[in-house]
Amino acid sequence: MNREEQIRLENIADTEHEIFALLKQRYSPRIFEEKMISEKDLNRLFEAVRWSASSFNRQPWRFIYAKKGEDGYTSILECLTDGNKKWADNAPLLMITLFKEDNDEGEKNFYALHDLGLSLGNMTIQAQYMGIGLHHMAGIDQEKAQKMFEVSDGFKVASALALGYYGGNIEALPEDLKKREVAERKRKRIDQFAFHGKWKN
Ligand SMILES: Cc1cc2nc3c(=O)[nH]c(=O)nc-3n(C[C@H](O)[C@H](O)[C@H](O)COP(=O)(O)O)c2cc1C
């Protein structure tokens, strides 16, 4: 087993209750295999998005994606925060996620961002099933991306994604990020966020 395979094993969630294996195995990698995601696999990711639940089936999610070597890829990279720029170009594919702000009747769709998130959940687990690691990023200058990609009025950039098949070389990361790639994964306890019958502070 090589170092990167060892890291993937060590990153498997130490759950208190048994859950679906793909959920346990998922984490947010900063290194990826140097191999482009195939068109077939890309379509499978978007197919998983298509079948997400959404309020009134409004499907408010949108995506702009670009492959390494394409101008769009460089543009997405330029919109990322410095922290994300340190590792995101290890990914063969970058995406921007967007949502449609209003419903077709012209009212604000309160659930648009919720539903984009839900679709990203589907994409993330589908990706995991295909051996693709997916790293969500809030660290993007949304306004810059909005202008750079001439996004139509009524649509908002939410986040960015870095995707690639799990693999790559840990040595591609600076020292601080190497540590984070192998750091212990921690979570709140269930009783800190799930309350039976009444609110708890
Ligand atoms: C909406 C969202 C925004 C995030 N933004 C960033 C980011 O800008 N940079 C980054 O390195 N990680 C980012 N992450 C990854 C989280 O830090 C990561 O999911 C969290 O630390 C838990 O680690 P895990 O995904 O490996 O379980 C983001 C995750 C989400 C869901």
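## Pockets and a cavity in a predicted model

The second largest pocket here has a volume of about 180 Å³. This is a predicted model, in which local features need pLDDT of at least 70, side-chain atom pairs count only at pLDDT 80 or more, and totals for chains, interfaces and linings use all residues. Residues are numbered from 1 along each chain as its sequence is written, and side-chain values use heavy atoms, without hydrogens and water.

On a 1 Å grid over the protein atoms alone, a pocket is an open set of points with protein on both sides within 12 Å along at least five of seven lines, a cavity is a set where a 1.4 Å probe fits but cannot get out, and lining residues have an atom within 4 Å of a point. Points are joined across faces, edges and corners, and a volume is the space filled by probe spheres set on them.

| Space | Volume |
|---|---|
| Largest pocket | about 730 Å³ |
| Second largest pocket | about 180 Å³ |
| Largest cavity | about 40 Å³ |

Of the 22 residues lining the largest pocket, Ala 13, Asp 14, Thr 15, Glu 16 and Arg 187 are the closest to its centre.

Arg 187 also lines the second largest pocket, in a list that includes Asn 11, Tyr 27, Arg 180 and Glu 181.

Tyr 27 and Glu 181 are among the residues that line the largest cavity, as are Glu 4, Ile 7 and Arg 8.
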